Amino acid sequence: MISLEASKKVCSKQAAHLTRAVIPLLYRAHTVGLGYPATIRIAAIAQRCRSSQNTRSFSTTNANQLRDIFPAKETTYIRQTPPAWPHPGYTEEEMLAVTPAHRPPKTVGDWLAWKLVRLARWATDLATGVGRDQQVDMKNPTTAVAARKPLTEAQWLVRVIFLESIAGVPGMVGGMLRHLHSLRRLKRDNGWIETLLEESFNERMHLLVFTKMAEPGWFMKTMILGAQGVFFNAMFLSYLISPRITHRFVGYLEEEAVHTYTRLVQEIENGDLPKWSDPKFEIPQIAVQYWRMPEGKRTMKDLILYIRADEAVHRGVNHTLSNLNHVEDPNPFVSDYKAGSEQRKPHADAALKATGYEREEVIG
Ligand SMILES: [Fe+2]
Ligand SMILES: [Fe+2]
């Protein structure tokens, strides 16, 4: 990732590495993850680096270069393996109601979490070669989505694959630590673990969908490996020290995710991304099955609307969890409420409450 920026300067030597790192592919595969047999088309795009113009572009690879990245294992008896956490689904209105939003920091911990996320966004922009003309209004970085120049499909794929490989870490770390805490302290968890693990599962599904469109090369894989090593340990320590700040950090990270996907939806709608703006572009079958996407609603834009809604749910859930007492409070998203207090239960999709629920609203 980092060398994507560097590639601008030493293009001729590193282009070969980077090309393989971010090769976007359009190809046919015969089976997909989750054990569902299917035929899918996957975009194959070769990134070219032109040192003089500093641009990237796409082309379709030959059929003989196509391969399935994670084919389902055929066994004698097993037909398929459905997801452990079936997706609850969204209505179209719910997905369209998602908008970029920002929860202003209220405490020092909030401020620290926000600044760390801003630093991460700056580094990601740098690493994916986002030029000044491709940046949004920096005074409103999390809500403004218009830029003078769109990102390229290659930049989008690099960005989302790298970010989704990171996004699946915090929920797993939080869930794991709460699980271990419950075991060693002989205490109930009150429903947090499942929500956190489900979040990490959902993020992994995002990653798998995008890796059906582009296979990262060795350079990208190395970056993902290194980033996971650093991020897992940082999250581990951070969650031990302060679950409150860590959930706030994830809430802000998810604000960025909603922002990123809103911008992607807009660039698809504007026709800025030739392959993805084409309504005939076939999205991976694994996505159709996971979100149970209805017939006629399976364009790239539809797919990104589902993913964006997921990110918005993570945003609302993590901002809410940050507002709670992590030792005593039950998880309001999975709790049944007393008669007369049912209206206190958070909306099933937290997407509609971008800044999260305050403790008084849902715990009392
Ligand atoms: Fe995600
Ligand atoms: Fe997310």
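Leu186 sits in the loop that runs between α6 (169-185) and α7 (192-211). This is a predicted model, so please hear everything that follows as computed from that prediction. The backbone at Leu186 has a phi near 55 degrees, which is a positive value in a residue other than glycine. Is Leu186 buried or exposed? Leu186 is exposed, because 6 other C-beta atoms lie within 10 Å, and the cut-off for exposed is 12 or fewer.

Arg292 is placed in the loop between α11 (285-291) and α12 (300-323). With 10 other C-beta atoms within 10 Å, Arg292 also counts as exposed.

Next, a helix. Helix α8 covers residues 218-241, which is 24 residues. From the first C-alpha to the last, α8 reaches 35 Å, close to the 34 Å expected at 1.5 Å a residue. Which residues of α8 are buried? They are Phe219, Met220, Met223, Met235, Ser238 and Tyr239. For reading that list, recall that an α-helix has 3.6 residues a turn, so residues three or four places apart point the same way.

Now the annotated positions. An unreviewed UniProt entry lists Glu203, Glu254, Glu311 and His314 under "binding site". Those positions are spread over 112 residues of sequence, yet they cluster in space, with a largest C-alpha distance of 11.0 Å.

I will take two of them in turn, starting with Glu203. Glu203 belongs to helix α7. Glu203 has 26 other C-beta atoms within 10 Å and is therefore buried, since the cut-off for that is 20 or more. What is Glu203 in contact with, leaving aside neighbours within four places in sequence? The contacts are Glu164, Ala167, Gly168 and Gly171.

The other is Glu311, in helix α12. Glu311 counts as buried too, because it has 25 C-beta neighbours inside 10 Å. Setting aside neighbours within four places in sequence, Glu311 is in contact with Glu254, Ala257, Val258 and Tyr261. One of those contacts, Glu254, is itself on the UniProt "binding site" list.

Definitions and conventions:
Residues numbered from 1 in each chain as written. Chains lettered and ligands numbered in written order. Predicted model: local features only at pLDDT ≥ 70, side-chain atom pairs only at ≥ 80, totals over all residues. Helix = DSSP H or I, 4+ residues; strand = E, 2+ residues; numbered from the N terminus. Expected span 1.5 Å × (residues − 1). UniProt positions renumbered as here; feature names shortened; annotations may be inferred. Contact = placed C-beta atoms within 7 Å.
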